[in-house]
2 protein chains.
Amino acid sequence: MEALKKKIVEEGSVIGTEIVKVDTFLNHQIDAEFLEKIGEEFKKRFADVEVNKILTVEASGIAIACAAARYFGYPPVVFAKKAAPSTMNEGFYEAEARSFTKGTISKLKVDSKFINTGDKILILDDFLASGEASVALADIVEQGGAEVVGIGAVIEKGHQGGSDRLREKGYRVESLAVIKKIEDGTITFEE
Amino acid sequence: MEALKKKIVEEGSVIGTEIVKVDTFLNHQIDAEFLEKIGEEFKKRFADVEVNKILTVEASGIAIACAAARYFGYPPVVFAKKAAPSTMNEGFYEAEARSFTKGTISKLKVDSKFINTGDKILILDDFLASGEASVALADIVEQGGAEVVGIGAVIEKGHQGGSDRLREKGYRVESLAVIKKIEDGTITFEE
């Protein structure tokens with residue numbers, strides 16, 4: 001998605017060779033208008049796929065998933081929680097994921113009533129790096145007897161191997177911008 | 001907002017006399033189509049107010065703020081973080097807020113580059129109970145030399161005194177559904 005690559009280059013900043021900071025439009029400040037374009041692009045990429053629910057993880061994934069929901073006919077959006085509130089008092093599915101930027105391990109949780117047998121679930125997230133979060137979300141989907149119909153990421157850090165790992169597991173992966181490498185403060189995208 | 005009250009009664013569940021669980025459409029599973037109606041209603045309530053930025057707090061506030069952004073002409077949405085990622089490496093504003101449902105104290109943080117002198121900021125959130133989160137967000141706005149032009153909540157628990165507290169401080173508060181009391185599993189709204 002050319003508009004996205006342009007925005008990453010113009011507004012993003014690079015830390016070392018692994019981190020791209022896109023906090024001006026994606027994960028601290030949000031450009032809600034631009035996210036609608038991202039949502040529309042996800043629909044284009046997954047146009048042939050039946051989706052009856054979108055699953056993401058708090059916090060940055062929420063805006064993306066909601067923006068995409070419009071273009072998929074407003075299926076329910078469910079976001080996995082990193083900590084269970086006291087009101088999550090019944091059964092839930094859980095899977096572990098490591099956060100690359102926070103250096104922590106989160107136990108992602110989804111109330112079991114929101115994942116049902118037969119659900120066709122599209123997983124969307126802001127970043128795809130090692131694929132840890134997506135694997136955890138897919139695990140949760142499968143614990144609930146539902147199907148992962150696709151995994152979409154806004155920005156993929158291709159050199160970290162996450163999409164290869166997910167495709168090896170049989171998932172369809174669509175990333176709107178794939179970063180090949182970050183070197184001397186410059187981002188190179190896959191064509 | 002009648003449609004909201006109806007949805008709370010039909011889909012919400014009550015825990016004791018203090019907690020209303022609306023995880024089917026607002027803060028775990030999200031009804032993105034309904035949130036657009038909520039966003040539109042916030043615009044009606046704040047139609048006479050100049051807004052150049054919307055501030056909320058992760059996680060549930062994000063979907064609400066982004067839905068509202070459409071109706072305010074897409075000002076930037078900024079969400080306060082409860083934990084600073086390793087990429088938040090410069091200055092930030094910080095204020096403490098207690099979470100009623102989680103029983104924890106969070107230090108809300110916003111990168112200082114996103115709050116600027118002269119900004120006219122609308123604060124939006126899912127719940128307004130004791131008003132702790134709103135007070136913290138307003139504090140952050142004022143640390144940045146910006147102005148709070150209004151505070152909007154989807155659901156107010158009126159008996160917990162938050163809106164009175166905020167109005168005493170001089171803020172304009174708009175809540176789309178105000179709960180008067182919860183008794184024997186039944187919710188009574190303010191008229």
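In the predicted model, strand E9 (residues 147-157) of chain A runs parallel to strand E10 (residues 173-183) of chain A, the two being paired over 6 bridges. Within this pairing, Ile151(A) has Val173(A) of E10(A) as its bridge partner. Both strands belong to an open sheet of 7 strands with mixed pairing, in which the order is E11(A)-E10(A)-E9(A)-E8(A)-E4(A)-E5(A)-E3(B). The edges of this sheet are taken by strand E11 (186-189) of chain A and by strand E3 (29-30) of chain B; each has a single partner strand, so one side of each remains without a neighbour in the sheet. In general, the strands of a sheet are paired through backbone hydrogen bonds, in either the parallel or the antiparallel sense.

The relation between the two chains was examined next. Chain A is superposed on chain B by a rotation of 180° with 0.0 Å of shift along the axis, at an RMSD of 0.0 Å, which is the relation of a two-fold axis. The same surface serves both copies, in that 100% of the contact residues of chain A recur in chain B.

Strand E4 (residues 53-57) of chain A, itself a member of the sheet order given above, contains Thr56(A). With a relative accessibility of 0%, Thr56(A) counts as buried, the cut-off for this class being under 20% relative accessible area. When residues up to four places away in sequence are not counted, Thr56(A) touches Gly61(A), Ile62(A), Ala65(A), Val78(A), Phe79(A), Ala80(A), Leu124(A), Asp125(A) and Leu137(A). For one of these residues, Gly61(A), the backbone oxygen is reached by the side chain of Thr56(A) at 3.5 Å. Thr56(A) and Lys81(A) are 25 residues apart along the chain, and their C-alpha atoms are separated by 9.3 Å.

A further buried residue, Ser134(A), has a relative accessible area of 5% and is located in helix H4 (residues 132-143) of chain A. Its contacts, again not counting residues up to four places away in sequence, are with Ile123(A), Leu128(A), Ile151(A) and Leu166(A); among them, Ile151(A) is the residue bridged to Val173(A) in E10(A).

The side chain of Glu18(A) is joined to that of His159(A) by a polar contact of 3.1 Å. Glu18(A) and Thr188(A), although 170 residues apart in sequence, are 12 Å apart in space, C-alpha to C-alpha.

Aromatic pairs were also considered, and the count over all chains comes to 2. In chain A, the ring centres of Phe25(A) and Phe34(A) are 5.8 Å apart and the ring planes stand at 90°, so this pair is edge-to-face. Phe25(A) is buried, with a relative accessible area of 0%, and Phe34(A), at 6% relative accessibility, likewise counts as buried. In chain B, Phe25(B) and Phe34(B) form an edge-to-face pair with 5.8 Å from centre to centre and 90° between the planes, and both Phe25(B) and Phe34(B) are buried. The ring of Phe34(B) also has Lys7(B) over its face, at 4.9 Å from the ring centre. Elsewhere in chain B, Lys157(B) lies over the face of Phe127(B), at a distance of 5.5 Å from the ring centre.

Technical notes: Residues are numbered from 1 along each chain as its sequence is written. Chains are lettered from A and ligands numbered from 1 in the order in which they are written. This is a predicted model: local features need pLDDT of at least 70, side-chain atom pairs count only at pLDDT 80 or more; totals for chains, interfaces and linings use all residues. Side-chain values use heavy atoms; hydrogens and water are left out. Copies are superposed by least squares on the C-alpha atoms of residues with pLDDT of at least 70 in both. Contact means heavy atoms within 4.5 Å. Rings of Phe, Tyr and Trp (its six-membered ring) pair if their centres lie within 6.5 Å; planes under 30 degrees apart count as stacked, over 60 as edge-to-face and the rest as tilted. Buried means under 20% relative accessible area, exposed over 50%, partly exposed in between (1.4 Å probe, protein chains only). A charge sits over a ring if NZ of Lys or CZ of Arg is within 6 Å of the ring centre and within 35 degrees of the ring normal. Two strands pair if DSSP finds at least two bridges between them. Helices (H or I, at least four residues) and strands (E, at least two) are DSSP runs, numbered from the N terminus. A polar contact is a pair of N or O atoms within 3.5 Å; within protein, one must be able to donate a hydrogen and the other to accept it, and residues adjacent in sequence count only if both atoms are side-chain atoms.
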